[in-house]
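Work through the exercises below with the coordinates open. Each task is followed by its solution.

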Amino acid sequence: MRAMILKGPRQLLQAADIPAPRPEATQVLVKVAACAVCRTDLHVVDGELPGPKLPLVPGHEIVGVIVEKGTGVQHFNTGDRVGIPWLGWTCGKCEFCRSGRENLCHQAKFTGYTLDGGYAEFAVADERFCFPIAQNYSDAEAAPLLCAGLIGYRSLAKTGNAKRLGIYGFGAAAHIVAQVAKFQGREVYAFTRRGDSQAQEFAKSLGVVWANDSETQPPVPLDAAIIFAPVGSLVPLALKAVAKGGTVVCGGIHMSDLPSFPYDLLWQERTLCSVANLTRRDGEEFFALAQKVPVRTTIQTFPLAEANAVLSRLRNGQIHGAAVLVP
Ligand SMILES: [Zn+2]
Ligand SMILES: [Zn+2]
């Protein structure tokens, strides 16, 4: 099969003739129809996350059709369309798994990081971590829901019932979260890179009430903010933008170092937290909600072989909505 493979930092190599993976007992073999490109892929390729499997097929927002299944597969059949997310396997036994926090499992395995992912024609996945994909999405439209949607949803849930919600970094996750937040009756304030009027217009087209540069203070104090951009210096800015008792959620897996800042920014019961991975329950809740909104994704599709170029466009902020690779 054809695949894009990471063997060392920074560059994916194109392979045309590697054997397709074989499904083990509880695994399905999926013919990949689309795989969205996440900022986490960029962190993996750039060597910013420790201990990736090498060589590695990246990609953890996979949509495809099951073409073969292991002997222990119970919930899906060949011909079913499924989504494969970042969380690829958990132990089911540790204190986190047993307390509804499998996202923090000590032994968790992650698609496109410690397991091979979807920058390929075929991928295997444990069926217990796959999601069915609703009919009303095309393959490429559904792909960004698998991480931008899921992690975005978990980040949004961390803000409780915040009415005025700031979002820093208006990319794939933000464009989904903004739609869900608006549906829930929240006001969304979008913050982008300085002078990125295209991203600000895009945010406004999705119904945000205000869009401006990250350094600009919003017109009113916010109840919560989510930071999707991997930029540590946004943390004090976001803390400054939230009212007393407000929450700032860091939604990314990696961030540049946080600058030191006066305690005053955290004082008055402001909360700063991060979001790690997802649980299967997040997935069930999010996909049900996405149907009700209904969430529409804005995508740009590219051939699989262009993965390196797509990653550098993402690095430079040149992707509008979500980039999706199509084998
Ligand atoms: Zn992701
Ligand atoms: Zn566990």
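This is a predicted model: local features need pLDDT of at least 70, side-chain atom pairs count only at pLDDT 80 or more; totals for chains, interfaces and linings use all residues.

Side-chain values use heavy atoms, with hydrogens and water left out.

**Exercise 1.** Find the protein donors of the zinc ion (ligand 2) and assign the geometry of its site.

Step 1. Donors are N, O and S atoms within 2.8 Å of the metal (3.2 Å for Na, K and Ca); water is not among the atoms, so sites may look incomplete.
Step 2. The SG atoms of Cys91, Cys94, Cys97 and Cys105 qualify, at 2.3 to 2.4 Å.
Step 3. Their spacing in sequence is C-x2-C-x2-C-x7-C.
Step 4. The angles among the four donor atoms run from 103 to 116°. The site is tetrahedral (four donors, all angles between 85 and 135 degrees).

**Exercise 2.** Which residues coordinate the zinc ion (ligand 1), and which parts of the chain does the pair His60 and Cys147 tie together?

Step 1. Cys38 (SG), His60 (NE2) and Cys147 (SG) coordinate this ion at 2.0 to 2.2 Å.
Step 2. His60 sits in the loop between helix H1 (39–45) and strand E4 (62–69), and Cys147 in the loop between helix H2 (139–142) and helix H3 (148–157), so the pair ties together parts 87 residues apart in sequence. Helices (H or I, at least four residues) and strands (E, at least two) are DSSP runs, numbered from the N terminus.
Step 3. Both His60 and Cys147 are buried (under 20% relative accessible area, 1.4 Å probe, protein chains only).

**Exercise 3.** Describe the largest nonpolar core.

Step 1. Such a core is a set of buried Ala, Val, Leu, Ile, Met, Phe, Trp, Tyr and Cys residues joined through side-chain atoms within 4.5 Å.
Step 2. The largest has 100 residues; Tyr119, Phe170 and Phe286 have the most contacts inside it.
Step 3. Helix H4 (residues 172–183) gives this core its largest share, eight residues.

Note on methods
Residues are numbered from 1 along each chain as its sequence is written. Chains are lettered from A and ligands numbered from 1 in the order in which they are written. Four donors count as tetrahedral if all angles lie between 85 and 135 degrees; four count as square planar and six as octahedral if opposite donors are over 155 degrees apart and all others between 65 and 115; anything else is irregular. Buried means under 20% relative accessible area, exposed over 50%, partly exposed in between (1.4 Å probe, protein chains only).
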